[in-house]
Amino acid sequence: MSSFVKVARSSDVEEGKGLIVWAGPIKVALFRCEGTIYAIRNQCPHMGGDLGEGLLTGTVVRCPWHGWKFDIRTGQSPETEVVAVRSFEVKVEGDDVYVAV
């Protein structure tokens, strides 16, 4: 069963940019897209690049190291079905952002 962990303030997550946080022992990248906050595992499966530092275009983030792409809503690569990162459920209460781990 998942439990929610407070990871950030909603006001810290800028539209169209990533924010790297810790959700317990897991490094997570938060993104705000059209007002909704999404969370995916921060580490790219290719070489470990920080996805939270990547370029966000729409709902797709590009790893800053080698350009691998991931949909921030699902963690799935839009280019191949066999590559993905974990996505996390997000809950916002007031100005607090929680991630299910």
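The paragraphs below lead from the overall build of this protein to its sheets, its hairpins and its salt bridges. The model is a predicted one.

The protein contains ten strands and zero helices. Read along the sequence, its elements therefore give the pattern β-β-β-β-β-β-β-β-β-β. The radius of gyration is 12 Å, close to the 13 Å that the globule rule gives for 101 residues, so the protein is as compact as a globular protein of that length. The C-alpha trace spans about 35 × 30 × 20 Å along its principal axes.

Of the 101 residues, 40% count as buried. The protein exposes about 5,700 Å², and carbon and sulfur atoms supply 49% of that area. Among contacts between residues at least 6 apart in sequence, 38% join residues at least 24 apart.

Three strands form an open sheet in the order 1-10-9, and their pairing is antiparallel. At the edges of this sheet are strand 1, residues 4–9, and strand 9, residues 90–93, each of which pairs on one side only. Neighbouring strands here are turned by 30° against each other on average, direction ignored. Strand 1 is joined to strand 10, residues 96–100, by five bridges, and the two run antiparallel. Within this pair, arginine 9 has aspartate 96 of strand 10 as its bridge partner.

Strand 2, residues 18–23, runs antiparallel to strand 3, and six bridges join them. Leucine 19 stands opposite leucine 30 of strand 3. These two strands form a hairpin with two residues between them, and glycine 24 in the turn has a positive phi of about 65°. Strand 3 also pairs with strand 4, residues 36–41, in the antiparallel sense over six bridges. In this second pairing, tyrosine 38 of strand 4 is the bridge partner of phenylalanine 31. Strand 3 and strand 4 form a hairpin as well, with two residues between the strands, and there glutamate 34 takes a positive phi near 50°.

How much of strand 3 is buried? Strand 3 covers residues 26–33 and is mostly covered, since seven of its eight residues are buried. As a general point, the side chains of a regular strand alternate between the two faces of the sheet.

Another open sheet consists of three strands in the order 5-6-7, with antiparallel pairing. Strand 5, residues 55–57, and strand 7, residues 69–71, stand at the edges with a single partner strand each, so one side of each is left without a neighbour in the sheet. The twist averages 25° from one strand to the next. Strand 6, residues 60–62, pairs with strand 7 in the antiparallel sense over three bridges. Here valine 60 stands opposite aspartate 71 of strand 7.

Aspartate 71 leads on to the side chains that carry charge. The structure holds seven salt bridges. One of them joins the side chains of aspartate 71 and arginine 73, at 2.7 Å from N to O. Is aspartate 71 buried or exposed? Its relative accessibility is 11%, and because buried means under 20%, aspartate 71 counts as buried.

Lysine 91 is partly exposed at 31% relative accessible area, and glutamate 93 is partly exposed at 42%. Elsewhere, salt bridges that share partners join Arg9, Asp12 and Asp95 into one network.

Methods: Residues numbered from 1 in each chain as written. Predicted model: local features only at pLDDT ≥ 70, side-chain atom pairs only at ≥ 80, totals over all residues. Heavy atoms only, no water. Pairing = 2+ DSSP bridges. Helix = DSSP H or I, 4+ residues; strand = E, 2+ residues; numbered from the N terminus. Axes fitted to C-alpha atoms, helices over the stretch in contact; angles between N-to-C directions. Rg over C-alpha atoms; globule rule 2.2 N^0.38 Å. Buried < 20%, exposed > 50% of the residue type's maximum accessible area, 1.4 Å probe, protein only. Contact = heavy atoms within 4.5 Å. Areas by Shrake-Rupley, 256 points an atom, 1.4 Å probe, with all protein chains shown as cover. Salt bridge = Lys/Arg side-chain N within 4 Å of Asp/Glu carboxyl O.
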